[in-house]
Every structure is written in C-alpha cells, then in structure tokens.
Amino acid sequence: MSDTTSQTRVAVITGAGRGIGEGCARAFLEQGFAVVIAEKESSLGLKLESELGLKARFIKTDVTNASSVEHLISQTIAKFGRIDVVINNAGRNKRTPLLEISQNDWEDGILLNLSSVFLMCRAAMPELIKTKGSIVNVSSLVGLQGQAEAVVYSAAKGGVIALSKTLALDFAPLGVRVNCICPGDIWTPQYSEWLTEQADGAAMLGSINARLPVGRLGTTLETAQAILFLATNGFANGVILTLDGGKSIG
Ligand SMILES: NC(=O)c1ccc[n+]([C@@H]2O[C@H](COP(=O)([O-])OP(=O)(O)OC[C@H]3O[C@@H](n4cnc5c(N)ncnc54)[C@H](O)[C@@H]3O)[C@@H](O)[C@H]2O)c1
C-alpha cells in the first residue's frame, strides 16, 4: 500500500547505487522528492536506502530485463502511488576495437545502454502521462562525438540522443517532457575503475585534467544538478545538454 502522501513527487533513478545515479538520488531527495533506487546490485541499493531514510526505497532491478522493469514500475506505484520523474542512468562503457567484438558483445552493449532506455520509457510512460512528469536520459559526450574503440557504447549513446528527441516530440502534447544529458568526464566509481585498468592511471588522470578547459573532472553532484534542472524546468523539452567542462569546444 502507498505510504507517502500523493503530493510527494517521486523520482525513479536507474543505476542509483553509486556514481551519477547516487548523486541524483541525493539531489532529488534534497529537493523534496521521494526516490526509488533502481539498482541491480543489492549491496549498493540497500546501503544507500538505509542511509537516505524513509523517502528512499531500493527496488532490485535489472534494466536489461523487461519483466524486471515492469516490476520496478508496479512496485513504485504500490509503494508511492505515482511517478513524476524517470532518470535512465544505468550504463557502462566497455571499449573494444571493432574486430574483437562478437555479435553477443554488440547485443549486450546495446541492451544495457540503449534497449534498457526504451524498456524504461515504455513501462513508465502511462504513469508519467498521469502526473505530467518528465524523463531524463543519461547519454554521453561519446554519443555526440564518438570515441576511439567505443564502438558499441558510442552507437548506443547516439541512439539514446535520437530516442530522446523523438519521445520529446511525441509526448510533449500529452504533458510529458523528455530530455537528455551528455556528460563528459565525471569522477565516478566506473571512471576510477577504468583508470585503474590503465598502465599509468595517475599520469593519465593528470593529462586528462590538463586537457580539460576547467582543469578537472566533473562531480556527480554537478551532474545531478544539471539533471534536476532538466527534470523540473517546465520549458525544457528535447534538450540535449552537454556537460563536459568545455571539453567539446576546447
Ligand atoms: N562517469 C562518466 O565520466 C560518464 C560520462 C558520460 C556518461 N556517463 C554515463 O552515466 C551513467 C552512469 O555512469 P557512472 O560513471 O555513474 O557509472 P557507475 O558504474 O559508477 O554506476 C552505474 C550504476 O549502474 C548500475 N547498473 C549497471 N548495470 C545495471 C543494470 N543492468 N540494471 C540496473 N543497474 C545497473 C551499477 O551497478 C552501478 O551502481 C552511465 O550511463 C554512463 O554511461 C558517465
């Protein structure tokens, strides 16, 4: 049964157990939203749920699985009674050169980084129409510009941008806004893991910072603030927001 007043806005955030998704959970909670931590790793989801308190709920979710996504939406309605914002954030960049990519690798990468966004949008849209809510899809600068050896990821994130524009056109007349953020380099566990895998991660981080016009990586809080803006500004629709410290113009 719903145990939050129907006036409380509800944000569903995929991949919210850590990184940018966790930043979003904190930022939306601070703005008075109830938040659903839609995360496949139970240890991460449960830890954040217990830290954030009663207005946060972990629902174990695998965004690559249609039944799991349907369960997420039905459980959110059972718990909170409404959905106002969906943030499609779960994703992973696994760089592999073309000639080393099997068809399974391709399909797995597209499933996680693109099809999951379709599954979430399709499942949540009827609820968002009721609340005149909004969706923010997390793409990447890589989806706009490409990246060496990011064959699957760049194709998927480019698809997220095109999907976001199309849904923005289709659903604005029904009151649902759809926007997309393209972060550049953001310091998250995934980014840190990638650096650790490099031959000299510390030197590489130094040279990445030096090449960024602002001189440093972005934070999860800065990214979450931009997502919050897109989710809540009533005139923002079909926006593809680059948040990269000036990397793409430098
Ligand atoms: N960090 C960056 O520099 C950067 C830049 C551009 C775009 N992005 C995008 O931002 C998003 C978040 O990235 P991050 O760096 O915070 O990643 P992260 O790996 O640190 O966090 C991602 C979270 O998603 C969860 N997750 C993964 N697969 C899932 C699934 N199938 N179902 C549910 N949850 C799942 C993970 O368990 C993890 O908690 C991704 O879509 C990524 O592509 C990140």
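Me: Is Ser139 buried or exposed?
Reply: Ser139 has a relative accessibility of 2%. The classes are buried under 20% relative accessible area, exposed over 50% and partly exposed in between, with a 1.4 Å probe and protein chains only. Ser139 therefore counts as buried.

Me: On what basis are such values given?
Reply: This is a predicted model in which local features need pLDDT of at least 70 and side-chain atom pairs count only at pLDDT 80 or more, while totals for chains, interfaces and linings use all residues. Residues are numbered from 1 along each chain as its sequence is written, and side-chain values use heavy atoms, with hydrogens and water left out.

Me: Which residues does Ser139 touch, not counting residues up to four places away in sequence?
Reply: Ser139 sits in the loop between strand 5 and helix 5; helices (H or I, at least four residues) and strands (E, at least two) are DSSP runs numbered from the N terminus. Contact means heavy atoms within 4.5 Å. With residues up to four places away in sequence left out, the partners of Ser139 are Lys157, Val160, Ile161, Cys180, Ile181, Cys182 and Pro183.

Me: How many Å apart in space are Ser139 and Thr242, C-alpha to C-alpha?
Reply: In sequence, Ser139 and Thr242 are 103 residues apart. In space, their C-alpha to C-alpha distance is 9.5 Å.

Me: Is Asp84 buried or exposed?
Reply: Asp84 belongs to the loop between helix 3 (66-80) and strand 4 (85-88). Not counting residues up to four places away in sequence, Asp84 touches Thr8, Arg9, Val10, Leu128, Thr131, Gly133 and Ser134. Because its relative accessibility is 7%, Asp84 counts as buried.

Me: What is the phi of Lys132?
Reply: Most residues other than glycine have a negative phi. Lys132 is found in the loop between helix 4 and strand 5 (134-138), and is exposed with a relative accessible area of 59%. Its phi is positive, near 55°.

Me: What is the phi of Glu149?
Reply: Glu149 lies in the loop between helix 5 (141-145) and helix 6 (151-171). Glu149 is partly exposed, with a relative accessible area of 44%. Although Glu149 is not a glycine, its phi is positive, at about 65°.

Me: Which residues line the largest cavity?
Reply: On a 1 Å grid over the protein atoms alone, a cavity is a set of points where a 1.4 Å probe fits but cannot get out, and lining residues have an atom within 4 Å of a point. Grid points are joined across faces, edges and corners, and a volume is the space filled by probe spheres set on the points. The search of the whole structure finds 1 cavity of 30 Å³ or more, and the largest cavity holds about 40 Å³. Its lining consists of Thr14, Val63, Asn88, Asn89, Ala90, Ser116, Val117 and Met120.

Me: Which helix gives the most to the lining of the largest cavity?
Reply: The element in question spans residues 103-131. With 3 residues, the greatest contribution to the lining of the largest cavity comes from helix 4.

Me: How far from an oxygen atom of the ligand is a polar side-chain atom of Tyr153?
Reply: A residue is near a molecule if one of its heavy atoms lies within 4 Å of it. Of the 30 residues around the ligand, Tyr153 is among those that come nearest, together with Glu39, Asn89, Ile186 and Thr188. The distance from the polar side-chain atom of Tyr153 to a ligand oxygen atom is 2.5 Å.

How values were computed
On a 1 Å grid over the protein atoms alone, a cavity is a set of points where a 1.4 Å probe fits but cannot get out, and a pocket is an open set with protein on both sides within 12 Å along at least five of seven lines; lining residues have an atom within 4 Å of a point. A polar contact is a pair of N or O atoms within 3.5 Å; within protein, one must be able to donate a hydrogen and the other to accept it, and residues adjacent in sequence count only if both atoms are side-chain atoms.
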